[in-house]
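Subject: Structure handover

Hello,

Here is the structure I said I would pass on. My notes follow below it.

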Amino acid sequence: MNSAPARTATLCLESLRVSYTHAGSAIDAVRDVSLAVRAGECLGIVGESGAGKTQAFMAVMGLLASNARTGGSVRFEGEEILGLAPDALNRVRGSKLTMIFQDPMTSLTPHLKVGVQLAEVLVRHRGASWADAQRAALRALERVHVPAPARRLKQYPHELSGGMRQRVMIAMSLMCEPALLIADEPTSALDVTVQAQIVELLRALRLDSGLSIALISHDFGVVAGLADRVAVMYAGRIVESAHTALLLRGPRHPYTDLLLKCVPNLRAPRGARMPSLPGQPPAASAASRGCAFAPRCPRASDLCRAERPLLRGIEPESEVACHHPLEP
Amino acid sequence: MSAGPWREAARALRADKGGVAALLVVALLVAAAIVGPALSPNDLETLDWTHVAADPGFAHAHWFGTDRLGRDLFVRTLEGARVSMAVGLLAGIVSLGLGLAFGAVAGYVGGRTDDLMMRFIEIMSGLPLIFFVIFLNVIFGRNPFALFFAIGAVGWLTTARIVRGQTLSIRRKEYIEAAIASGARTPRIILKHVVPNVIGPVIVYATLTVPQIILFESFLSFLGLGIQEPRASLGTLIAEGAGEMEAAPWMLLAPGLFLVALMVSLNIFGDGLRDAFGQRR
Amino acid sequence: MLRYFLRRLAGAIPTLFIIVTLSFFLVRVAPGGPFDEERSLPPEIAANLQRAYGLDQPIWTQYARYVRGVLHGDFGPSFRYKDFTVTELIAQGFPVTFELGSIAFGLALALGIPLGAFAALHRNSSAGYAAVSLATLGIAIPSFVLLPLLALLFGIYLRWLPVAGWEAGSIRHLALPVVALSLPPLAYIARLTRGGMLEVLGSPFIRTALSKGLPLRTVIARHALRPALVPVAGYLAPAVASIMTGSLVVESIAGLPGIGRYLVQGAINRDYTLVLGMVILYSALLIAMGLVVDLLYAWLDPRVRFGQ
């Protein structure tokens, strides 16, 4: 990654590692991730479950389990935040650096009213009074187009639909005008129609405020609609990153290529087989020589099995970690 | 009944140092109660007038001291422990049997019968057992059978609930339907198929029940509603000891500490057992 | 909320009625009567006694009289303590028992919950293990052993507190009994709180609360505590039952003039009306506690209010 954009990046991960020890053996959830999210841009992070996408960003937010070990560096607006004590981290967490999660059903506190859960962010970070904060909460709900916002403030999360809950989560994350929003699979638990609405909402909010977004998803459709650039993760590492349009048109890494082919194609002829990726991603506990994708890669060679390819820039703003990248 | 979960549980149990230690302590206490009195030069009834309310020591061969009448506390305590443990075991079996029968029938027959039986259990769980015992006492006076029945009633509710739950889940299984189709009668089905599969969790909860029973029996004896003279259980001894605390503290300390040791180790072992079976509640 | 409460109340009244009826008939079914223990009486005197206590009436008449009496707060005369009615005995002893029991209950909650929360938050440290061990001990040691031991230590050896006895308004006399009575429920509540807290801390909504930059103490107090206490709420009625049972023994050891001794003595003396009155009183208390717990559940988890 060239350092010039990295220095001005809102979020910069460098050689981030996350591992766990369990009963004597180590589990590497994130092996080596370096990426940057620049001001105002949306970076999509794609990959199968278990690739380490969520773990990397849980490390950024300081939400890892207590038996997790981290390495590398995470800089937010120039400041190192990896390994910070909770008190120090809480200065940016929830205000300038926020996160929304996959499951709106269980991500809101069931016994607190929606208004309280929104207002407490401002009370905590801006020292606002509860009354002022509730008013701001009302405006926040309007901003994310929740119908009848005044009534919603007094309701409990279980009284809202899934889509509305996700809007509430988004509103909660925007209360203090963050510089970066991490969105972890924000649409995966929602109906397809609602998914489109949420994606549209996020796009509008970005245009409106110049917010940066780190969008984690296994769904290329969502990523295509929102992200400026995409980073593809496999087995705890980044295997390719490029501008979205470029990546979608001409993926360089065989894994990306197969992933794209797996997106169900509504225009394919009936009876055509749906492509799928053979095999399974490697277990996080397995350490391997050579490229982690080699066992499943149609282009794998002996070199691939012997030596792990490093991330190399091929074009400006594009990198791939492969010995035999595809031609554009 | 697959061997898999049992072996896993056994392994987990062996790894739990606290649980193993507790089991050893229990074994030690039981052994002491069985063998101990034979080892002592004293016996249960002899009054040693030269050593009244004595402190423990080796010189006068009264290892736990003596009581107000000069009776050796070592022998008295261990004999009392024997009574408590015997009652605990026997009443435990009664409780197990009751719970098993009740739960199996409720779970197997289902429908209105099950509803009624469960309502009954609900109401019974709300009432403290002591009231039930007091009722029995008021009605039947000092009847040893009534006492036994009352003590056995400790814990049968939980056993019945677990058995019913297991029975309900087993009832749906194919081999039960096959048995019914082949004409087997209900009691036979319950006995041959339901009971063996339910024994597992029940035994685990039995380890909880036995200390509860011992505790309850001691409690009743303490109040004077339990075991009658001349037989004394730990509860009776503790009651005597509490009354003579100032003059002869060891009358309280000997049976009291024995009971505490027994209860604590049974509880720790029971916890460990339930952890091993993944049924910690 | 109000309708929910009224519905539960309506269900509780028949239960109490059933208990009264069942108790009445069970007691009457018993062979022998309350005067059998005494020296055999000449038949005319026995008959007079029977008439005086209404025992010669048909059973249904006795039942009707009894129920009418209960509704007016009259539980009849004690068969044993000849000069007193059951109501008088209760009035004398209940305040003491109530004071003892409610302080013990309050203590169990006030100390048990923080202990359990502490154990959950420090689960991998030695302080956490110590808390758990303390809880295990508290559950295992019976109160009728603990109280004499405490009295031995603090009353006889250290001479800090009185061994037994009671004076109105004296805290020193209540101290040891309250400790012995509150320890088992305290330990159990600590255990339940620890378990509930550990489970809640793994929930997604706690992760959300932390991601909002709220300090841990706010997350615990505002987001984690209420759901963590649901198991404790379920234990409250059994806790009261346990304290009731324990008070029987504690009062007798510590020489407290409460109503616990009446229940035990009533059983030994086969004093029908006294036992009956006690049972009704205790049952009413338990049922009331059950109602309180239901209300508590609705507050702890709003989903319950909507009948989910």
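Two residues are in contact if their C-beta atoms, placed from the backbone, lie within 7 Å. Between chain A and chain C, the contact takes 23 residues from chain A and 20 residues from chain C. On the side of chain A that touches chain C, α4 (104-107) and α5 (114-126) each supply at least two residues. Helices here are DSSP runs of H or I with at least four residues, strands are runs of E with at least two, and both are numbered from the N terminus. α5(A) gives the most to that side, with 4 residues. By class, the side has 10 nonpolar, 9 polar and 4 charged residues. Ala, Val, Leu, Ile, Met, Phe, Trp, Tyr, Cys and Pro count as nonpolar, Asp, Glu, Lys and Arg as charged, and the others, Gly among them, as polar.

Before going on, some notes on the source. This is a predicted model, in which local features need pLDDT of at least 70 and side-chain atom pairs count only at pLDDT 80 or more, while totals for chains, interfaces and linings use all residues. Residues are numbered from 1 along each chain as its sequence is written, and chains are lettered from A and ligands numbered from 1 in the order in which they are written.

Next, the domains of chain A. The domain assignment, which is automatic or from a database, gives domain 1 (1-96 + 180-265) and domain 2 (104-175). Their centres, taken over C-alpha atoms, are separated by 25 Å. In the contact between them, 11 residues of domain 1 meet 13 residues of domain 2. Helix α9 (residues 192-209) of chain A gives the most to the domain 1 side, with 5 residues. That side of domain 1 has 8 nonpolar, 3 polar and no charged residues.

Now chain C. It has 13 helices and 0 strands. Of its 308 residues, 41% are buried, meaning that 20 or more other C-beta atoms lie within 10 Å of the residue's own, with C-beta atoms placed from the backbone. Among contacts in chain C with a separation of 6 or more, 74% are between residues 24 or more positions apart.

One helix to look at is α6 (residues 143-157) of chain C. It has 15 residues and reaches 20 Å from its first C-alpha to its last, close to the expected 21 Å, which is 1.5 Å times one less than the number of residues. Its buried residues include C:Ser143, C:Phe144, C:Leu147 and C:Ala151. After α6(C) comes C:Arg159, whose phi is positive, near 60 degrees.

Regards

How values were computed: A residue is buried if 20 or more other C-beta atoms lie within 10 Å of its own, exposed if 12 or fewer, and partly exposed in between; C-beta atoms are placed from the backbone.
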